[in-house]
Amino acid sequence: MDNRTWYDVLGISRNASFSEIRQRFRELSLKYHPDKQQQAVSQSLESIDTTMAPVFPNGTDFIELMQAWEILSDDAKRARYDAELICFETVQDLPFHDEVQLNEMDFDEDGKVYYLECRCGGEYVLKLQSTSSDASSTWVLPCSTCTLGLKVTGCSQNND
């Protein structure tokens, strides 16, 4: 989806209410639904290729419209998505202290967290339940006291 958000797909602001999201989705889905596009194409020139998916003026297709609706119409999914957006935007501006593998971090068995000390004396902390078994997982952790970040890669295996 490039750098566009689901909000961009619908052409709404991030603080749009559910009714605004629903109204905009209905407008766009009625206007750009593939069945509507087929009717419009068949009524126009016969030489137009009808196998092409309809494209919105802002470059999105109908599938993206449906995906945007699926995420933004559900309160829980929207909250997770908004949190991911904030995290992504924060990560873009975060200066990195270092990049490490997960197994290079210390593991606190009692607290079920991985941690590493920052050069300022603060800590980078990764809770065990927030990790996955995917070896290609990447996390960006903020320091507890300064503005530096730590990029952590690798799977979550306990340091024995």
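# Why the labels fit

Me: Which residue in β6 is the bridge partner of valine 100?
Reply: Valine 152 in β6 is the bridge partner of valine 100. This is a predicted model, in which local features need pLDDT of at least 70, side-chain atom pairs count only at pLDDT 80 or more, and totals for chains, interfaces and linings use all residues. Residues are numbered from 1 along each chain as its sequence is written, and side-chain values use heavy atoms, with hydrogens and water left out.

Me: What makes β1 and strand β6 a pair?
Reply: Bridges do. Two strands pair if DSSP finds at least two bridges between them. 5 bridges join β1 to β6 (residues 149-153), so the two count as paired. They run parallel.

Me: How do you know that β1 and β5 stand at the edges?
Reply: Look at the order. The open sheet of 3 strands runs β1-β6-β5, with mixed pairing. β1 (96-101) and β5 (138-142) each have a single partner strand, so one side of each is left without a neighbour in the sheet. Neighbouring strands here are turned by 20° against each other on average, direction ignored. Those angles are taken between axes, which are lines fitted to C-alpha atoms (for helices over the stretch in contact), and run from 0 to 180 degrees between N-to-C directions.

Me: Which residues does glutamine 101 touch, not counting residues up to four places away in sequence?
Reply: Val152, Thr153 and Gly154. A contact means heavy atoms within 4.5 Å. Glutamine 101 and threonine 153 are 52 residues apart in sequence, yet 4.9 Å apart in space, C-alpha to C-alpha.

Me: What order do the strands of the antiparallel open sheet take?
Reply: The order is β2-β3-β4. β2 (106-108) and β4 (123-127) stand at the edges, because each has a single partner strand. The twist averages 30° from one strand to the next.

Me: How many bridges join β2 to strand β3, and how many are there between β3 and β4?
Reply: 3 bridges join β2 to β3 (residues 113-117). β3 and β4 pair over 5 bridges. Tyrosine 115 of β3 stands opposite aspartate 106, and also opposite valine 125 in β4. Aspartate 108 faces valine 113 in β3.

Me: Which residues take a positive phi in the hairpins?
Reply: Lysine 112 has a phi near 55° in the hairpin of β2 and β3, with 4 residues between the strands. Glycine 121 has a phi near 105° in the hairpin of β3 and β4, with 5 residues between the strands.

Me: How many helices and strands are there in the protein chain?
Reply: 5 helices and 6 strands. From the N terminus on, they run α-α-α-α-α-β-β-β-β-β-β. Helices (H or I, at least four residues) and strands (E, at least two) are DSSP runs, numbered from the N terminus.

Me: What is the span of helix α2 against the expected one?
Reply: α2 (residues 18-32) has 15 residues and reaches 21 Å from its first C-alpha to its last. The expected span is 1.5 Å times one less than the number of residues.

Me: Why are the buried residues of α2 said to be on the same side?
Reply: The buried residues are Ile21, Phe25, Leu28, Ser29 and Tyr32. They cover an arc of only 100° around the axis, so they sit on the same side of α2. The arc is that of the directions from the helix axis to the C-beta atoms. An α-helix has 3.6 residues a turn, so residues three or four places apart point the same way. The face turned away from the buried side carries exposed Arg26, Leu30 and Lys31.

Me: What makes the buried residues of helix α4 line one face?
Reply: In α4 (residues 62-72), Phe62, Glu64, Leu65, Ala68 and Leu72 are buried. Seen down the axis, they fall within an arc of 155°, so they line one face.

Conventions. Buried < 20%, exposed > 50% of the residue type's maximum accessible area, 1.4 Å probe, protein only.
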